[in-house]
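Please look over the sequence and the structure shown here, and then read the report that follows them.

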Amino acid sequence: MENLELAIAQIKEELPGMTLLENEPLAQHCSFRIGGPARAIAVPSDVTSLSRICCILKEHELAPLMLGNGTNILFPDEGLQEVLLISTEKLTKLFLLPDGAIYAEAGVSLSRLASFAQQNGLKGLEFASGIPGTLGGGCRMNAGAYGGELKDVIESVVCYYLPEQALYELTAEECNFEYRASRFSKVGGFVVLSAVLRLPQGDGEEIAARMRELNEKRREKQPLDLPSAGSAFKRPEGHFAAKLIEDSGLKGYAVGGAQVSEKHAGFVVNTGGATSHEVYDLMMHVRNTVYKDSGIFMEPEIIILAPDYKLEDHGPQVPRHRVSINNWEKGEDVPFPGEDARPDKE
Ligand SMILES: Cc1cc2nc3c(=O)[nH]c(=O)nc-3n(C[C@H](O)[C@H](O)[C@H](O)COP(=O)(O)OP(=O)(O)OC[C@H]3O[C@@H](n4cnc5c(N)ncnc54)[C@H](O)[C@@H]3O)c2cc1C
């Protein structure tokens, strides 16, 4: 705690012009509308100030938590004693490179990116036009929909690697993109700064029509009128999470203000005043019931940040939240907060 306060004081002193929101309600920075105060949210104006904040935090044996649009995150009701960095305000450059590829910074929204591609007659990003996140969050998650994924269109990614305080340009292959995962989710300490995307030429009208069609599908099928963080669980191989949940009779199941959407069982929605604990409890019940009924174990797709997650032995420079979640992705035995073991390990 002392380190945190010292780091915040140093950030204020060294970057006096930068916006630093203190004790800021996280509920206002995520699509779930859940979460207590963050000790500080910094809005770096460029890569230099972002790097400087990372250096200061590292000097104090802390690490930042990067935030995009907050559309895949569940923040704790207790808030976070952390410094968050937000990309959406200033890291938003987007332009065509001389060779026709797209350059975009991490805070560019996927919908803006898809529209930009369409306006330039470039096809392949139609799938992304309705995904409410940013390019940075999208790279971490390898965001995808309707048969497309960011991995299909990304040529390279520039990132800041906290443990070494160094910038790296990674090829798409080096990003190790997988289904809703990447090098950035599996190894803590990467901040995605920008990416180059290469798309083939297409017909602007056809691209726009496909985007309209996919967005119409979304409006029909997804509970876009209620706060959520998208699909709560990853698709288990060979199955659909929503179907498994429905087959277990859990459509509409609620814990307090958290509910399995009546419209799409793959979504957990906040029907009003849901707490993060209610969402955890609901997700655990859903996962355990589905496991009992079908023998299929569903992993959360939502990044669940909880204050009581244990710091694994990865060194102080690695953000603890991502480490915990990463272990989930690696299938290691890291339980939900408050849970002793994965059901299949009992
Ligand atoms: C209604 C709805 C529909 C959705 N539909 C889809 C869909 O069809 N397909 C899909 O894939 N997802 C979907 N999502 C989930 C979400 O939009 C995506 O996962 C998106 O890529 C997250 O981006 P974000 O900027 O909101 O990330 P955030 O939620 O802000 O962050 C997600 C993770 O990425 C990390 N992160 C954020 N920025 C960076 C960065 N610059 N560098 C390193 N790490 C970073 C965060 O620390 C966090 O761990 C949906 C969500 C909602 C609410």
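## Residues around the ligand

Ala, Val, Leu, Ile, Met, Phe, Trp, Tyr, Cys and Pro count as nonpolar, Asp, Glu, Lys and Arg as charged, and the others, Gly among them, as polar. By these classes, the shell around the ligand has 17 nonpolar, 16 polar and two charged residues. This is a predicted model, in which local features need pLDDT of at least 70 and side-chain atom pairs count only at pLDDT 80 or more, while totals for chains, interfaces and linings use all residues. Residues are numbered from 1 along each chain as its sequence is written.

A residue is near a molecule if its C-beta atom, placed from the backbone, lies within 6 Å of it. Of the 35 residues around the ligand, those that come nearest are Gly 68, Gly 133, Gly 136, Gly 137 and Gly 230. Helices (H or I, at least four residues) and strands (E, at least two) are DSSP runs, numbered from the N terminus, and among the elements that give two or more residues to the shell are strand 3 (65-67) and helix 4 (135-141). Helix 4 gives the most, with five residues.

Five strands form an open sheet in the order 6-7-12-10-11, with antiparallel pairing, where two strands pair if DSSP finds at least two bridges between them. Its edge strands, strand 6 (94-96) and strand 11 (166-171), each pair on one side only.

Strand 6 and strand 7 (residues 102-105) pair in the antiparallel sense over three bridges, and Ile 102 in strand 7 is the bridge partner of Leu 96.
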